[in-house]
Amino acid sequence: MTGYLVLENVGKTYTLKPSKIGGGVRHVHAVDGVNLEVARGETLGLVGESGCGKSTLAKLIMHLEAPTGGRVVIDGVDHSRLRGPALKQARRNFQMIFQDPQASLNPRMKARAIIGEILGNYGKASSQRVDELAALVGLSDFHLDRYPHQLSGGQCQRIGIARAIALNPGLIIADEPVSALDVSIQAQILNLIGRLREQLDLTLVFISHDLSVVSHVADRVAVMYLGRIVEIGRTESLFRNPRHPYTRMLLEAVPKPTPAKRHARAAVSGELPSPIDPPSGCHFRTRCAFAGDDCASKVPELRPVDSPHMVACHKAETIASSLNMNVA
Amino acid sequence: MIDMTSHPPVADPVLDVNNLSLEFADRDKVTYALDAVSFSVGEGEIVSLVGESGCGKSVTAMTIMGLLPKHGARVTSGSALLRGRDLLQTSEREMRRIRGDRIGMIFQDPMTSLNPVHTVGMQISETIRKHRRVSRGAAEKRALEMLDLVRIPDAASRLGAYPHELSGGMRQRVMIAMALACDPELLIADEPTTALDVTVQAQVLDLIADLRRDIGMSVILITHDLGVVAGVADRMMVMYAGRIVEQGPTEKLFADPAHGYTAGLMRSLPGVNARMRDELREIPGSVPRLDRKIEGCVFAPRCEFSSEVCLAPLPQAQERAQGHWTRCIHASAVCEAMSDNDIVRAWA
């Protein structure tokens with residue numbers, strides 16, 4: 001499979017200023033050796049808790065940050081070689097939908113101008129195209145003549161989506177696109193994204209902390225923990241049969257509107273360690289009930305357990321036989 | 001005017017809110033924010049106010065606590081009795097004694113609710129010394145007990161920590177410790193876990209459930225998340241556009257939803273009714289403006305069950321079962337249509 005989006009051993013390390021009261025230079029490995037392929041037209045869900053590196057990964061894919069290691073290739077092009085006008089032209093092919101629809105729109109521009117601006121940037125200004133885009137995302141003239149503060153969160157997110165698809169991109173990164181919305185509106189936006197994906201043949205990376213949303217939209221899901229992908233697989237397989245203890249913990253922690261697990265204590269222990277000085281070996285070992293000696297000494301590689309389902313855990317087999325959990 | 005003065009009775013309620021209506025008045029604009037809100041909270045009970053943004057759940061809590069600005073917000077009817085004493089008729093001076101002492105509060109964002117320049121130990125003892133005549137040392141001892149109670153590891157050393165040195169989950173625990181320091185009869189938790197990651201959320205919700213069991217506190221839990229409600233609440237009140245549209249025991253409401261809005265919410269949840277990539281059932285349209293009084297059902301314009309009769313002034317809330325009340329005329333039709341819903345089936 002040659003992916004539409006390919007990440008090869010991508011890493012991003014931020015260097016912190018040395019503290020005034022001594023101590024050396026410290027590093028945060030926000031993204032650590034990530035390998036990923038997303039096929040054309042596929043939707044990859046990216047989940048994990050705050051600080052796990054999902055948004056940094058999005059910035060690397062969007063070429064908003066340069067990776068400190070590895071390569072990002074979109075549709076066969078490695079954009080790190082591009083500069084200036086060539087890069088600007090290339091950017092048409094990958095666009096982003098943001099979390100906070102209100103904050104990501106210019107408060108002093110009307111919706112029509114916001115959508116028109118991106119077209120104008122590429123010399124394609126056309127009021128006909130703006131109307132076309134508005135129709136695609138379900139906005140009317142009434143909405144186009146309004147400022148963001150006069151519109152609801154859902155309507156603003158529709159503008160954000162119209163802007164993202166305006167230049168016919170092949171790839172869209174949606175970073176928590178529905179987290180700020182109410183459930184009833186969330187459903188509208190998820191359906192819209194789903195429809196556009198089919199209509200426009202989009203490749204989608206959908207970042208969210210909400211596992212039920214991800215389970216709904218994604219074909220495949222990758223779970224991140226402290227900068228590394230710890231498990232990746234087809235959505236159904238991963239949700240029905242999670243192999244990494246962290247994925248299990250995440251799935252158990254999601255509050256479900258069903259009574260089944262009401263009095264079962266969520267098997268959640270500890271908190272996310274600091275990414276400045278993460279545990280050696282497997283980053284998750286400090287919170288893992290199954291951790292052994294090798295978990296501290298060896299970094300677990302992503303390996304297939306049930307191809308194409310991959311997990312980065314030394315103990316995946318032991319855990320699978322000792323537990324029989326069905327979350328989905 | 002039709003109102004819902006009636007609500008499921010609770011024996012010996014800690015809090016009894018009756019027919020509470022509130023308007024926000026601007027120079028030339030009136031917003032009818034709450035309309036005849038009625039509910040009770042029993043001893044040791046966790047009740048949940050659930051609804052989407054702007055439905056009035058936080059305003060309800062703020063009104064009860066007397067935290068809304070005196071000019072602008074106007075209570076037009078109703079009472080909120082804390083053990084028989086009407087909080088709406090209580091002076092600000094008296095309310096200051098009640099808040100933090102008889103009613104504890106926690107909010108969504110623990111970072112902005114804590115003072116960044118004081119240690120958490122100092123902030124907890126401050127609350128205690130504000131309400132109790134105790135020495136600094138005794139207050140500090142109590143603060144330590146409270147940090148232990150909310151299961152902060154190594155509590156003694158955390159007393160001297162500043163908020164920024166703690167994680168989000170730990171900060172919310174500190175907020176809970178502070179809210180409970182004076183043994184309040186009632187804890188009002190406004191979206192206490194919304195800013196937290198799921199794993200931390202699970203820990204905080206477990207803590208609230210445990211504290212209810214161990215010290216028998218009563219809790220009003222305000223949330224937009226039906227999953228959270230299902231996990232911890234004994235009873236729930238579903239709010240929409242300033243009204244409680246349905247209320248009752250949690251299992252009853254999930255197993256037998258009897259309002260078009262509750263049904264709409266349950267249907268629009270992704271993941272549960274999951275067949276991947278299916279269209280979600282959306283609730284069309286958006287929340288109504290509240291700048292005029294709505295006589296009929298507020299949800300009718302968005303409701304798939306609605307008919308002509310829904311626009312006429314509403315009858316009293318009907319009781320469907322013990323303690324389960326709805327304001328929906330088409331309750332039976334809703335129930336029937338929802339009988340094959342996955343959530344309903346899971347609770348039935």
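Residues are numbered from 1 along each chain as its sequence is written, while chains get letters from A and ligands get numbers from 1, in the order in which they are written. Because the model is predicted, local features need pLDDT of at least 70 and side-chain atom pairs count only at pLDDT 80 or more, though totals for chains, interfaces and linings use all residues.

**View 1. Chain A as a whole.** Chain A holds 12 helices and 12 strands; helices here are DSSP runs of H or I with at least four residues, strands are runs of E with at least two, and both are numbered from the N terminus. Its C-alpha atoms fill a box of roughly 65 × 50 × 45 Å along the principal axes. A compact globule of 328 residues would have a radius of gyration near 20 Å, and chain A agrees with its 21 Å (taken over C-alpha atoms; the rule is 2.2 Å times the number of residues to the power 0.38). Of those 328 residues, 45% count as buried, meaning that 20 or more other C-beta atoms lie within 10 Å of the residue's own; 12 or fewer makes it exposed, anything in between partly exposed, and C-beta atoms are placed from the backbone. Take the contacts in chain A between residues at least 6 apart in sequence: 65% of them join residues at least 24 apart. A contact means that the C-beta atoms, placed from the backbone, lie within 7 Å.

View 2. Which residues of α4(A) are buried? In this helix, residues 127–137, they are A:Val130, A:Leu133, A:Ala134 and A:Val137. Seen down the helix axis, they fall within an arc of 100°, so they line one face of α4(A); the arc is that of the directions from the axis to the C-beta atoms. These buried residues pack against α3 (111–121), α5 (141–144), α6 (153–165) and α7 (183–200) of chain A. Turned away from that side are the exposed A:Gln128, A:Glu132 and A:Ala135.

**View 3. The four-stranded open sheet of chain A.** The strand order is β2-β1-β4-β5, with antiparallel pairing; two strands pair if DSSP finds at least two bridges between them. At the edges sit β2 (26–38) and β5 (77–78) of chain A, each pairing on one side only. β1(A), residues 5–16, is joined to β2(A) by 9 antiparallel bridges, and A:Thr15 stands opposite A:His27 in β2(A). Helix α1(A), residues 54–61, lies across β1, β2 and β4 (69–74) of chain A, at about 65° to β2(A). For such angles, axes are lines fitted to C-alpha atoms, for helices over the stretch in contact, and values run from 0 to 180 degrees between N-to-C directions.

**View 4. The four-stranded open sheet of chain B.** Here, too, the order reads β2-β1-β4-β5 with antiparallel pairing. β2 (30–41) and β5 (85–86) of chain B each have a single partner strand, so one side of each is left without a neighbour in the sheet. Two strands of this sheet, β4(B) (residues 73–82) and β5(B), pair antiparallel over 2 bridges, with B:Arg85 as the bridge partner of B:Leu82. Helix α1(B), residues 57–65, lies across β1 (15–25), β2 and β4 of chain B and runs at about 75° to β2(B).

**View 5. Strand β7 of chain B between two parallel partners.** β7(B), residues 186–190, is mostly covered, with 4 of its 5 residues buried. It pairs in parallel with β6(B) (residues 103–106) over 4 bridges, and 5 bridges join it to β8(B) (residues 218–223), also parallel. Look for B:Ile188: it stands opposite B:Met105 and also opposite B:Ile220 in β8(B).

**View 6. A:Pro255 and the contact between the chains.** A:Pro255 lies in the loop between α10 and α11 (293–297) of chain A. Buried or exposed? It counts as buried because it has 22 C-beta neighbours inside 10 Å. A:Pro255 touches B:Asp225, B:Gly227, B:Val228, B:Ala230 and B:Gly231, not counting residues up to four places away in sequence. The whole contact takes 34 residues from chain A and 41 from chain B. On the chain A side, the largest share, 7 residues, comes from α7(A).

Definitions and conventions. Two residues are in contact if their C-beta atoms, placed from the backbone, lie within 7 Å.
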